[in-house]
Amino acid sequence: MRLYSTDLGIAREDGPGELSLLDLPFADLGALLRGPGLAAARAAAVVRRVALDGVRVHAPVRRPGKILIVGLNYRSHAEEALEMFAAMGRPGITLPTEPNFQVVAGSAVAAPGDDILLPAVAPGQVDYEGEVAAVIGGRATAVDPADAMGHLAGLTIANDVSARDIQQRAISGDPTASIGVSKSFDTFKPLGPCLVTPDELDEPLDLRLRTRVNGELRQDDRTSAFLHGVAELVSFLSRYQTLEPGDVILTGTPRGAGVFSGRHLRPGDVVEVEVERLGTLRNRVAAAPAAGGAAAGAAAGTTTADGLPAGPGSPAP
């Protein structure tokens with residue numbers, strides 16, 4: 001199934017651009033997963049059918065209990081990180097043999113089309129990272145890799161936005177900074193546009209991921225290049241904390257993030273993360289509003305299916 005969280009409720013895509021609104025009393029897929037689960041979506045009656053471009057699309061899970069960020073999970077990205085450390089005079093660093101991860105705030109989630117807001121305290125080195133995100137469907141504590149996929153609700157697309165100056169301070173040992181904080185600003189975790197359930201995907205996972213900024217291709221790799229597959233990540237992370245329905249795991253990014261070329265995001269930039277069979281996640285970059293204000297797209301928390309942004313003047317569904 002291809003499932004959407006929309007302003008009209010939970011919907012299933014039954015044909016290209018055609019949604020079936022389901023008779024489910026949940027605001028988003030996160031609430032569904034924390035309740036009866038995907039079986040309810042499979043059994044639900046169709047209320048009516050609408051066009052995808054006629055609804056506002058939320059992030060599949062609007063407020064995860066936790067987001068776990070996996071780093072250095074593509075060999076191409078790990079190699080460019082080692083190159084950067086060597087240039088910084090730290091050539092002795094080696095690749096980790098186990099998944100490297102951080103926990104970030106669920107409040108960082110943004111919808112497709114929402115503005116990515118450059119925070120006033122760290123606006124100058126904000127960076128993109130296109131990723132595949134795994135959404136947990138069933139409670140998992142210390143699960144075996146062979147059983148891990150049974151705890152998965154499906155996959156979606158994520159942009160792991162980071163404030164690199166704060167991240168670099170943390171890496172350099174500044175006790176007032178942390179990598180988790182650098183990735184937890186409001187709007188720094190766009191998710192969407194839909195959740196694709198495992199029955200729609202093949203194993204081993206081999207999906208092409210591409211990230212573009214203002215139409216320029218910056219990242220291009222395949223999930224078959226993962227150092228640690230989705231099942232391994234679910235199993236490993238579940239040994240450190242119980243994974244709950246609606247939790248989100250970002251599985252890593254390939255070579256090409258802006259920090260390695262000095263090309264950080266600026267107001268007006270448009271970032272598109274396209275993943276084969278999952279769709280395209282598109283967000284514009286904007287300066288954070290003055291204290292007490294709110295950006296239109298981020299305040300609404302929703303967008304039209306492909307529009308940028310969903311603010312005043314956006315067509316009503």
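**An aromatic cluster and a pocket**

Modeller: F101, F236 and Y240 form one aromatic cluster. The model is predicted.

Colleague: What makes F101 and Y240 an aromatic pair?

Modeller: Their ring centres are 5.5 Å apart. Rings pair if their centres lie within 6.5 Å, so F101 and Y240 qualify. The structure holds five aromatic pairs.

Colleague: Why is the pair of F101 and Y240 called edge-to-face?

Modeller: The angle between the planes is 65°.

Colleague: Which parts does the pair tie together?

Modeller: F101 lies in strand β7, and Y240 sits in the loop between α7 (230–238) and β17 (248–250). The pair therefore links parts that are 139 residues apart in sequence.

Colleague: Why does F101 count as partly exposed?

Modeller: Its relative accessibility is 21%. Buried means under 20%, and exposed means over 50%. F101 falls in between, so it counts as partly exposed.

Colleague: Now the largest pocket. How much space lies in it?

Modeller: About 520 Å³. It is lined by 28 residues, and the closest to its centre are L72, N100, Q167, I171 and I179.

Colleague: Which elements each supply at least two residues of that lining?

Modeller: They are β6 (67–71), α3 (75–87), β7 (100–104) and α5 (164–171). With five residues, α3 gives the most.

Colleague: How do the lining residues divide by class?

Modeller: There are 14 nonpolar, nine polar and five charged residues. Leu and Ile count as nonpolar, so L72, I171 and I179 belong to the nonpolar class.

Definitions and conventions. Residues numbered from 1 in each chain as written. Predicted model: local features only at pLDDT ≥ 70, side-chain atom pairs only at ≥ 80, totals over all residues. Heavy atoms only, no water. 1 Å grid on protein atoms, 1.4 Å probe; cavity = no way out; pocket = protein on both sides within 12 Å on 5 of 7 lines; lining within 4 Å. Points joined across faces, edges and corners; volume = space filled by probe spheres on them. Helix = DSSP H or I, 4+ residues; strand = E, 2+ residues; numbered from the N terminus. Phe/Tyr/Trp six-rings, centres within 6.5 Å; stacked < 30°, edge-to-face > 60°. Buried < 20%, exposed > 50% of the residue type's maximum accessible area, 1.4 Å probe, protein only.
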